[in-house]
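Here's a quick walk through a model, written for someone who likes to know the cut-offs. Have the viewer open as you read.

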Amino acid sequence: MRLALLSDIHANKEAFEAVLTDLEQHDIDQLVFLGDVVGYGPDPEWCVDTLELLVKEGALALRGNHDRSTPAPDSLNPAARKIIDWTVNRLNARQRLFLADLPYQLVLGDLLCVHASPDQPQQWCPVSDAAAAAASFAASAARVILCGHVHRPALYSLDLASKINTHGFTPRTAIPLLASRRWLAVIGSVGQPRDGSGCAGYAILDQAQNSLSYRQVAYDSLITADKVRAAQLPEAFARRLILGV
């Protein structure tokens, strides 16, 4: 099977549309969404409705830390609390129920899909370095762990000597996932990339070829940034879209 892996759409209609259009050029058997369809961006209703339709058509989806159906706790910083509460108030009861019913993890054969880390998946611990990758490998026996949350793509492996390796990669180039190792892939972000590219990011996992390729899709981030400003959301959320940081 060829799996399209999408994470952290973050209510960005333009980026989501660009990735779905790009996917039409590939022979994809299964869509897998790794959480955070809302948050930060200006189009939560459209993104939730689109994801719900795709799930009805056979896509799989997880729940991320932004995909909450209740107001944000006071412990969050003001900007995060504002966007979560703004999003919740934009969604109708059906949309909130859809998000609340999403699972925290999926097991697909020898694959484990989570939003953040398999080490306490509801605590949303980011896999942002080799130490966090080691904790994830220790928490799961899966051969391949797939996650998002960090907004920057990354790839780690655990070899036969129990050494954690960090792998570089070139977008659109297939990376062989050697059977002698276990792998953890962080799938970047569709709607709020922080890898400096400003492009919508996703990945394709080819199980027949046992390979992974990261992809970047250009979209008009200025449109989305203008929507963020029109909604009077924090200016930092608009700047991030343009700069990709």
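Let's start at one strand pair: I175 sits across from L212, a residue of β12. This is a predicted model, where local features require pLDDT of at least 70, side-chain atom pairs count only at pLDDT 80 or more, and totals for chains, interfaces and linings use all residues. Numbering begins at 1 along each chain as its sequence is written, and side-chain values rest on heavy atoms, with hydrogens and water left out.

β9 and β12 (residues 211-217) run antiparallel and are joined by 2 bridges. Pairing here takes at least two bridges found by DSSP between two strands; strands themselves are DSSP runs of E, at least two residues, and helices are runs of H or I, at least four residues, numbered from the N terminus. Zoom out and you get an open sheet of 6 strands with mixed pairing, ordered β3-β2-β1-β11-β12-β9.

What does β1 pair with in the antiparallel sense? That's β11, over 4 bridges, with R2 opposite D206. β1 also runs parallel to β2, again through 4 bridges, and there L3 faces Q30. Of the 5 residues in β1, 4 are buried, buried being under 20% relative accessible area, exposed over 50% and partly exposed in between (1.4 Å probe, protein chains only).

Together β1, α1 and β2 build a right-handed β-α-β unit: with the strands pointing away from the viewer, the path from the first strand over the helix to the second runs clockwise.

## Salt bridges across the chain

There are 10 salt bridges in the structure, each one a Lys or Arg side-chain nitrogen within 4 Å of a carboxyl oxygen of Asp or Glu. Side chains of opposite charge can pair when their charged atoms come close. R2 and D206 turn up again here, with their side chains meeting at 3.1 Å, N to O. R2 belongs to strand β1 and D206 to strand β11, so this pair ties together parts 204 residues apart in sequence. R2 is partly exposed at 23% relative accessible area, while D206 is buried at 11%.

Next up is E14 with K227, at 2.7 Å from N to O. E14 is in helix α1 and K227 in helix α6 (residues 221-230), 213 residues apart. E14 counts as buried at 13% relative accessibility, and K227 as partly exposed at 27%. R94 and E52 make another salt bridge, their closest N and O atoms 3.1 Å apart.

## A glycine in a loop

Is G198 buried or exposed? Buried, with a relative accessible area of 10%. G198 lies in the loop between β10 (182-186) and β11. Setting aside neighbours within four places in sequence, G198 is in contact (heavy atoms within 4.5 Å) with P193, Y219, L241 and G244. From G198 to V217 is 19 residues in sequence and 9.0 Å in space, C-alpha to C-alpha.
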